[in-house]
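Colleague: I'm new to this one, so could you walk me through the place where the ligand sits? Please take your time over it.

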Amino acid sequence: MSEYPYNPKSLCADEFINHQEILDTLEYADAHKNDLDLCYAILDKARAHLKPSKNHCAVITHREASVLLACEDPGVEAALKQLARDIKLAYYGNRIVLFAPLYLSNYCVNGCTYCPYHAKNKQIPRKKLTQDEIRAEVIALQDMGHKRLAIEAGEHPKENPIEYILESMRTIYSIKHRNGAIRRVNVNIAATTVDEYRMLKDAEIGTYILFQETYHKEGYLALHPSGPKHDYNWHTEAMDRAMEGGIDDVGLGVLFGLDKYRYELAGLIMHAEHLEAVHGVGPHTISVPRLKRASDINPEDFDNGISDELFEKIIALIRVSVPYTGMIISTRESEAVRERALKYGISQISGGSRTSVGGYLEEERPHDTEQFDVSDQRTLDEVINWLMSNDHIPSFCTACYRAGRTGDRFMDFCKNGQILNYCHPNALMTLQEYLSDYASEDTRRRGEALIERELQLIPDARVHDKCVQRIQAIRAGAGRDFRF
Ligand code: SAM
C-alpha cells in the first residue's frame with residue numbers, strides 16, 4: 001500500500017496523482033472491461049452532458065475513463081468515437097485554432113533521456129536567439145499569417161533565465177509587420193517558482209504549457225536522471241504554483257511512448273480533476289504529443305509506443321472526459337493521423353512549424369537543432385486549404401484572453417455553450433484576415449466561399465450584420481483585429 005492517501009484536493013503530487021489509486025483504477029478497469037452494460041452506462045452519463053451546462057466539470061471520472069480504455073468491444077469503441085465527435089461539435093463547433101511553435105533556445109541543463117536537448121548531447125549545436133533574431137523569426141511567422149505562438153526553451157538558468165523569456169515575449173508582442181501581429185504568446189518552459197509565474201502573467205502570457213511527460217513517478221525519475229527536472233513533485237505541482245501566480249490558463253500533456261498509456265490516461269484525468277477540485281478551473285488545454293525520432297534519440301529504445309488506433313481512442317476518451325478543454329496536436333503527427341484526430345476531439349493544431357532554433361529564417365528545413373522530426377511538413381497555406389476541404393473552419397482567433405475570458409470565466413463561457421456564439425464570428429473574421437493578407441489564390445477563393453456559407457449560420461441578426469460589415473472592411477483593407 002502507498003504511504004500516501006489519495007486526495008484530489010491536496011497540493012502534494014503524491015496525493016493528487018496517487019500511485020495506489022492509479023493501480024486500483026487499472027485493476028477496477030480490468031475487472032469491469034467486459035461489463036458492456038457498465039460501459040454503455042458510462043457513455044450515457046457523458047452523453048447527458050452533450051449540451052454544455054454550467055453545472056459540470058470533468059464529466060466522467062478517471063476510473064470510468066479507464067474502464068472504457070480497457071474495453072475492447074468494437075461497439076463500445078464506435079459509440080465512444082461517435083460521442084467524442086458529437087461533444088467536440090457541441091462545445092467547439094467545426095473551428096480549428098492555428099498556432100506555431102517558436103524555439104528560442106536549446107541550451108538545457110537537464111538529462112531527459114528522450115529529448116535531444118539533454119545536456120550531454122554533443123551532436124547538436126547549441127543556439128539561443130538574440131532579440132534581433134527573434135524579431136526576424138517573428139516577422140517570418142507573421143508573413144505566414146500566424147497570430148498565436150507557443151515559445152519553447154530548454155531549462156538553463158544561465159542561458160535562458162526568466163528575464164530572457166520575458167524580454168523575448170515583449171519583443172514578440174511589439175512587432176507589427178505589415179498587417180501582422182502576434183496576439184497571444186503561450187509559453188512552454190520548465191517548472192518554476194510562483195514569483196516567476198507572476199512575472200509571466202504580468203508579461204501577458206496566454207497559456208502556460210508544461211507537459212508532465214509521464215505521471216508514473218518511478219518511470220519519471222529514471223527518464224529524468226539529472227537536472228532540476230528530476231524533481232517529480234516540483235514538476236507535477238507546477239500548475240498549482242502557476243495558478244497561485246495568477247496564470248488562469250494552464251496546458252497539460254503526456255509524452256506518449258515513455259510509459260504505459262493506461263497509467264498515463266488515469267494520471268492525466270486525475271490531474272484535471274485535481275485542478276478543478278483546488279482551483280475551480282480545469283486545464284485550458286491538453287496536448288497529446290507522441291515520442292519521435294530526434295538527433296541522438298531513437299523512439300524504439302522506449303518500448304511503450306502506441307499504435308495510431310490506440311492514439312485515436314485516447315484522444316476520443318480525453319475529449320469525452322474533459323469536454324471543455326482545448327486539445328492540441330502538433331506536426332509531430334502526419335497529415336493522415338491529424339485528419340482523424342481532428343474528428344475525435346482536437347481543437348488546435350500547429351501549421352508550417354519549424355522545431356529548430358532559428359528555423360523560420362532558413363529556406364530549407366534545417367535539421368541540426370531540430371527538437372524532433374516533423375511529420376507534417378506542409379506550409380501553413382496548405383494546412384489551411386486542407387482544413388477547409390475537410391469542413392473545418394481555420395481560426396486565428398485570440399479574443400478570449402484579450403477580453404479577459406480566462407480561467408473560470410473562460411470555463412463558464414465554455415460550459416454555457418457560449419463558444420458557439422462568440423467564437424464562430426471571430427473565427428470567420430480572423431480567417432478573412434488570413435485570406436486577404438497571406439493566402440494563395442486557391443485558398444482565398446475556397447475560404448471566401450466558406451465564409452459566405454458560414455455567415456448564414458450566425459443566429460443573432462445583430463451579430464450577423466456586424467460580422468458582415470467587418471468582413472467587408474477587412475476585404476477592403478479598412479480594418480483588422482475585430483472581435484466579439
Ligand atoms: N524545457 C521545457 C520543459 O522542461 O518542460 C519544455 C520545452 S521542450 C522544448 C517541449 C516538449 O517537447 C517536452 O516537454 C517534451 O514532451 C517534448 N519532447 C522532448 N523530446 C521529444 C521527442 N524526442 N519527441 C517528441 N517530443 C519530445
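Modeller: Let's start with Y114: one of its polar backbone atoms is 3.0 Å from a nitrogen atom of the ligand. Keep in mind that this is a predicted model. K292 also uses its backbone, with an N or O atom lying 2.9 Å from a ligand nitrogen. With E213 you want to look at the side chain instead: a polar atom there lies 2.5 Å from an oxygen atom of the ligand. As for how covered the ligand is, on its own it would expose 580 Å², and the protein buries 97% of that.

Altogether 19 residues surround the ligand, and Y114, E213 and K292 are among the closest, along with A153 and R332. Sort that shell by class and you get 10 nonpolar residues, three polar ones and six charged ones.

So what kind of space is this? The ligand sits in the largest pocket, which has a volume of about 820 Å³. The lining of that pocket takes in 49 residues, and those closest to its centre are E152, N188, F211, R332 and Q371. Several strands and a helix each put two or more residues into the pocket lining: the strands are β1 (95-105), β2 (148-153), β3 (184-188), β7 (326-329) and β8 (348-350), and the helix is α10 (232-236). By class, the pocket lining splits into 27 nonpolar, 15 polar and seven charged residues.

If you want one view to come back to, pick the ligand with Y114, E213 and K292 around it.

Note on methods
Residues numbered from 1 in each chain as written. Predicted model: local features only at pLDDT ≥ 70, side-chain atom pairs only at ≥ 80, totals over all residues. Heavy atoms only, no water. Near = heavy atom within 4 Å. Polar contact = N/O pair within 3.5 Å; in protein donor to acceptor, adjacent residues only side chain to side chain. Areas by Shrake-Rupley, 256 points an atom, 1.4 Å probe, with all protein chains shown as cover. 1 Å grid on protein atoms, 1.4 Å probe; cavity = no way out; pocket = protein on both sides within 12 Å on 5 of 7 lines; lining within 4 Å. Sits in = over half its atoms within 2 Å of the grid points. Nonpolar A, V, L, I, M, F, W, Y, C, P; charged D, E, K, R; others polar. Points joined across faces, edges and corners; volume = space filled by probe spheres on them. Helix = DSSP H or I, 4+ residues; strand = E, 2+ residues; numbered from the N terminus.
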